[in-house]
Amino acid sequence: MYVEVLVETKVKSNDITFTYHVPDVVKTDLIGKRVLVPFLNRKVQGFVLKYTSKPTDFETKDILEIIDDKRILNEELIELGYFISNKYLCPLIYAFQAMLPKALKAKVKNNGGKKYLTYVKLNEEEKITDVKVKSQLAIINDLKEKKELLKKDIKSKSSLQKLLDKKIVIEFKKEIYRNVLVKENPKKIVLNEAQDNVSNKVKKMLGESNVILLHGVTGSGKTEVYIDVVKKVVSVGKQAIILVPEISLTPQITARFKGVFSDDIAILHSSLSDGERYDEFRRIINKEVSVVIGARSAIFAPLTNLGIIIIDEEHSESYKQESNPRYNTLDIAVERSRKHSCPVLLGSATPTLESYARALKGYYTLLSLDKRVNKKPMPSVNIVDMKNEIRNGNILFSRVLIDKIKERLQKKEQIMLLLNRRGYSNYLTCQNCGFVFKCPNCDITLTYHKTSDTLRCHYCGYGTKKIDLCPSCNKESIKLLGTGTEKVEESLKDFFPGARILRMDTDTTSKKGAHFKIIEDFNNLKYDILVGTQMISKGLNFPNVTLVGVINADSSLNIPNFRSSENTFNLLDQIIGRAGRHEKKGEAIIQTFNPEHYSILAAAKHDYKEFFKKEMIIRKKLNYPPYCFITLVKIVSKSFDLGINESKKIANYLKRSLANTTIVGPSMASVLKVNNYYNFRVILKYKKEEKLYSSLKEILKFYEGNNNIKVEIDFNPINL
């Protein structure tokens, strides 16, 4: 018997499988399992993809070891791996590696990630004689009653050892799951008429492969609809995947689901330890759960009888994988829905333009929740022109925002402040000579983090201690410019000395469990003001928050990206929706230098349709999605000259090959140098191009194995 094994190699094509002989003693099915095989002069792990006939032109080697008891890649996931490899032009091994927790990936050497504890029990083959010591008898009586005990829980270690020596008691190891601690919110799910109507419409579409877009304003109760639909799915013996864009959202939505489904839930996201993710993955493989909740990678959960896939906050950029394989979660969800004949339910207050346009065209089913569940009005919004405020000396906080914060603090109500930029200052410059501190590896300024007194690059991670002497002119003329969340936090303490202030950004949530603790503490009224980046804008539900402030609404508007207006509207609409979600009235203050911009005005009016209409006019004129598809060809090199020359060759080749495609470039990427590599790009805009894949494959094949030039393909990229 022979099998084809896929291993990660440095040969020209990473999609080549290698044939190995299965020893005659092996009687189990090996498809989808990891095996240890000899490869050249070393031993490597690989995935068994299929059985094959005996090769005639070369001698095969034996499989050395079967690593997994059960298959970790079922038939559907193997097919999905080929789908990802073909659709995104990535090596097949990368597709499979993306599906699995770290402990199950090829190359990991750690007993599969399993955790064992040592237990003791009575030896049934030995008669209990000559035992007179009370502590030993107590252990025996406990074991007669409880059958087995955790060895470390037995207090008298010496008495236990005597029983082990006499073989009256024997010890054994038992595998255990690492528990993922999740708070349970047992709140009863009661749907209002609008929610019930939407839920019933979704239930009628169960059993069909289609895409449903639920456009619901913030606070309209989309989560309750999800739970009601999943209850129906589980009641008929099927399974569900619920995806959320941010780890910070997982505790709240998981608590709601756990209050209904108890232990019938597995959780998959990156803040879990490797062991926890491994155990949750195996609970799914062992069919111990019906519901999986997690971030992007949870779309690969090895469920075998899917009844629905739910993608909450579907507009979020985090559903697009930025590293190889550069997949879009929605594409994977749709492919799985075809396999299982189940719907994909997209939910958002601010759907992507592509999704909403498809819904209006009838490609998706459009459902709406246009009012909040408690019939409360949407927050009132005050747009503040910061040009006027700066003239009056209000640099960071406008006068109205300061007054509103004071008012809320007096009422014992909570405030959320958004600034989508972490750190203390965006850059340091010398006032004498104009020198700017930049990353030595990247074409980007260093951000100052005051808590660690370091300058850091947010691209490559480079860090260095802050200095007060300019390295160019040797003058003490260093000035901090720009504002990040650290500076906002510090300034708030000066303005409001008695306020309890909490910050939530990448720096404060790097430790395990930090997201959960921050959300819990703020929800339990331990803090008055929560300052954060975009991670506080989506999905979070705090009953006592009545005021939301946006420090600089232009930060996302000024990014050189055709999606900048859309991202600005999404961010503002979402953060505004955090206020007044329960009994108390909500209010929002938007500080901006562009008070007349249509995305800001539409967000202030909670009018997605108005924004959609105006943005679509611009997209059509400039021929951007959803009026076309975009593919980005990235060219990366350590040599600037080589990179730009090869980029020109690629652009010229594509212009000759693709008759129905607009070729833009080559040009330098928005950040030219990252981690000592220069980045160039060629942008392809098309509606239908039959030769697209064949032409891109030719380019990849030409540069395969080239150590001086790296070419990457990104279909429908988030950022250009």
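User: What does Lys614 count as, going by its relative accessibility?

Analyst: Lys614 has a relative accessibility of 38% and counts as partly exposed; buried means under 20% relative accessible area, exposed over 50%, and partly exposed in between, with a 1.4 Å probe and protein chains only. This is a predicted model, in which local features need pLDDT of at least 70 and side-chain atom pairs count only at pLDDT 80 or more, while totals for chains, interfaces and linings use all residues. Residues are numbered from 1 along each chain as its sequence is written, and side-chain values use heavy atoms, with hydrogens and water left out.

User: Ok, and which side chain does Lys614 meet in a salt bridge?

Analyst: The partner of Lys614 is Glu610, at 3.6 Å from N to O, where a salt bridge is a side-chain nitrogen of Lys or Arg within 4 Å of a carboxyl oxygen of Asp or Glu. Both residues sit in helix 17 (residues 608–622), and as they are 4 residues apart, about one helical turn separates them. Helices (H or I, at least four residues) and strands (E, at least two) are DSSP runs, numbered from the N terminus. Glu610 itself is buried, at 18% relative accessibility.

User: How many salt bridges are there by that rule?

Analyst: The count comes to 35. One of them joins Glu79 to Lys339, with 3.4 Å from N to O. Glu79 belongs to helix 1 (residues 75–88) and Lys339 to helix 9 (residues 329–340), so this pair ties together parts that are 260 residues apart in sequence. Glu79 is partly exposed at 39%, and Lys339 is partly exposed too, at 44%.

User: What about Glu712, buried or exposed?

Analyst: Glu712 is buried, with a relative accessible area of 14%, and it forms a salt bridge with Lys710, their closest N and O atoms being 3.3 Å apart. Lys710 is partly exposed, at 48%. Elsewhere, salt bridges that share partners link Lys404, Glu407, Arg408, Lys411, Glu413 and Glu587 into one network.

User: Switching to cysteines: how many disulfides does the structure hold?

Analyst: It holds 0 disulfides, a disulfide being a pair of cysteine sulfur atoms within 2.5 Å. Cys439 is in none, and its nearest cysteine sulfur, in Cys460, is 3.6 Å away. Cys439 is buried, at 5% relative accessibility.

User: Last one: in what order do the strands of the open sheet come?

Analyst: The 3 strands of this sheet come in the order 20-21-22 with antiparallel pairing, and strands pair if DSSP finds at least two bridges between them. Strand 20 (447–449) and strand 22 (463–465) are the edge strands, each pairing on one side only. Strand 20 is joined to strand 21 (residues 454–456) by 3 bridges, and Tyr448 has Leu455 in strand 21 as its bridge partner.
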